[in-house]
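Trainee: Can you walk me through this one? I'd like to start with the rings and then move on to the charges.

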Amino acid sequence: MASHRRPKHPSRARVTVLTATAAAAVALTSQAAHADPKPTKSEVKEKVDKLYHEAEVATEQYSGAKEKQEKLEKQVGALQDKVARGQQELNTLRSGLGSLAAAQYRSGGIDPSVQLFLASDPDSFLDQASALDQLTAKQAESMTKIQEKQRSLAQERKEAQDKLNDLADVRKTLGEKKKQQQGKLAEARKVLNTLTAAERAKIREDDVRASRAAGDRVELGNEVPASARGGAALQAGSTQVGKPYVSGGTGPNSFDCSGLTQWAYAQAGVQITRTTYTQINEGTMIGRSALKPGDLVFFNNTSHVALYAGNNTVLHAPKPGAVVRYESMDTIGSFQMGRRI
């Protein structure tokens with residue numbers, strides 16, 4: 001007779017494992033369903049361009065702080081030299097006063113009337129007495145000079161200390177802007193690395209092709225520069241087409257936007273300041289319709305500068321990863337103003 005055994009129930013541990021596995025599978029499926037889709041190449045490029053723009057803003061602020069630091073360092077050095085010379089002059093005055101005091105002490109040990117009675121040559125003594133009076137007057141003059149020099153020296157020392165405090169603040173700003181710039185560029189690289197190597201190469205190829213196409217399409221026409229120096233600056237800048245954009249670059253091997261404009265004008269014999277934030281105060285402000293070749297053109301709330309080349313086109317150093325090139329003003333950003341040097 002066949003035996004009838006009750007079927008075994010699965011153990012509690014086995015049920016727990018199966019339940020957990022099923023739950024994990026459901027969770028993974030749910031996460032996959034709700035996961036953010038991978039950004040497209042165009043979305044990545046848009047975000048990277050935004051980060052490059054923010055890095056450019058930080059670069060200009062860094063360059064401005066660096067320029068101010070160099071100026072302050074020169075001023076501090078000159079003031080410290082002035083203080084050292086003033087201290088040397090004060091020491092000389094004090095030494096002279098000491099000599100006068102010693103001479104007065106030596107001559108004042110005997111009453112003048114007694115000295116006159118004892119003198120073998122009264123006329124000679126009277127001459128000496130007159131010299132003593134002059135000595136006292138000179139002593140008073142020396143005291144006045146010493147007091148004036150002390151006050152002057154105290155003022156110079158305060159001025160030097162104030163400049164040193166300014167320099168410390170600028171150096172702090174310099175470090176902050178450098179960190180901000182590097183952070184934006186690092187973030188841009190991180191975003192780019194979400195793409196495949198082939199996709200990154202394609203973006204670079206597209207940028208180079210767009211740059212070449214912009215240069216090939218450019219038709220500058222026959223517009224006359226506003227000045228000989230403006231024309232010379234534009235001509236100098238045109239020789240740098242193809243040079244890479246590098247943050248902080250001032251030429252001749254690489255440039256950022258304001259580094260290119262400063263370099264171009266320097267070749268024309270004109271010294272302009274280093275950053276967009278200071279170049280925008282150079283020369284005379286002009287509107288878009290009045291632009292002529294060689295004028296400075298500012299975009300995007302003073303964060304970018306270019307050289308007007310004619311026919312609604314500028315020559316500029318655009319952004320990291322790009323090269324110096326001609327480009328239509330319509331593709332760069334919001335026009336702010338022109339400045340004629």
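Predicted model: local features only at pLDDT ≥ 70, side-chain atom pairs only at ≥ 80, totals over all residues.

Trainee: Okay, how many aromatic pairs does the structure hold?

Mentor: Two. Rings of Phe, Tyr and Trp (its six-membered ring) pair if their centres lie within 6.5 Å; planes under 30 degrees apart count as stacked, over 60 as edge-to-face and the rest as tilted. F255 and W263 have ring centres 5.6 Å apart and planes at 70°, so they are edge-to-face.

Trainee: Is F255 buried or exposed?

Mentor: Buried, with a relative accessible area of 0%. W263 is buried too, at 16%. Buried means under 20% relative accessible area, exposed over 50%, and partly exposed in between (1.4 Å probe, protein chains only).

Trainee: And what about the rings of F299 and F335?

Mentor: Their centres are 6.4 Å apart and their planes at 80°, so that pair is edge-to-face. The pair links distant parts of the chain, 36 residues apart: F299 sits in strand 2 (residues 296–299) and F335 in strand 6 (residues 335–340). Helices (H or I, at least four residues) and strands (E, at least two) are DSSP runs, numbered from the N terminus. F299 is buried at 0% relative accessibility, while F335 is partly exposed at 24%.

Trainee: Which residue is the bridge partner of F299 in strand 6?

Mentor: F335. Strand 2 and strand 6 run antiparallel, joined by four bridges. Strand 1 (residues 284–286) also runs antiparallel to strand 6, with three bridges. There, I286 stands opposite G338. Two strands pair if DSSP finds at least two bridges between them.

Trainee: Switching to charges. What lies over the face of Y62?

Mentor: K178, at 4.9 Å from the ring centre. A charge sits over a ring if NZ of Lys or CZ of Arg is within 6 Å of the ring centre and within 35 degrees of the ring normal.

Trainee: How many salt bridges are there?

Mentor: Nine. A salt bridge is a side-chain nitrogen of Lys or Arg within 4 Å of a carboxyl oxygen of Asp or Glu. One of them joins E54 and K184, with the closest N and O atoms 2.9 Å apart. E54 lies in helix 2 and K184 in helix 4 (residues 122–192), so this pair ties together parts that are 130 residues apart in sequence. K184 is partly exposed, at 23% relative accessibility.

Trainee: Which residue does E156 bridge to?

Mentor: K82, with the closest N and O atoms 3.9 Å apart. This pair also links distant parts of the chain: E156 is in helix 4 and K82 in helix 2, 74 residues apart. E156 is buried at 11%, and K82 is partly exposed at 40%.

Trainee: What about D162 and K158?

Mentor: Their side chains meet in a salt bridge, 3.1 Å from N to O. The two are four residues apart in helix 4, about one helical turn. D162 is partly exposed at 35%, and so is K158 at 48%. Elsewhere, salt bridges that share partners join K50, E54 and K184 into one network.

Trainee: Last topic. Which residues of helix 6 are buried?

Mentor: In helix 6 (residues 228–238), they are G230, G231, A233, L234, A236 and G237. Their cover includes helix 7 (257–267), strand 3 (304–310) and strand 4 (313–316).

Trainee: How many residues of helix 7 are buried?

Mentor: Nine of the 11, so helix 7 is largely enclosed by the rest of the structure. Among them are C257, L260 and W263. Just after helix 7, G269 takes a positive phi of about 85°.

Notes
Residues numbered from 1 in each chain as written. Heavy atoms only, no water. Contact = heavy atoms within 4.5 Å.
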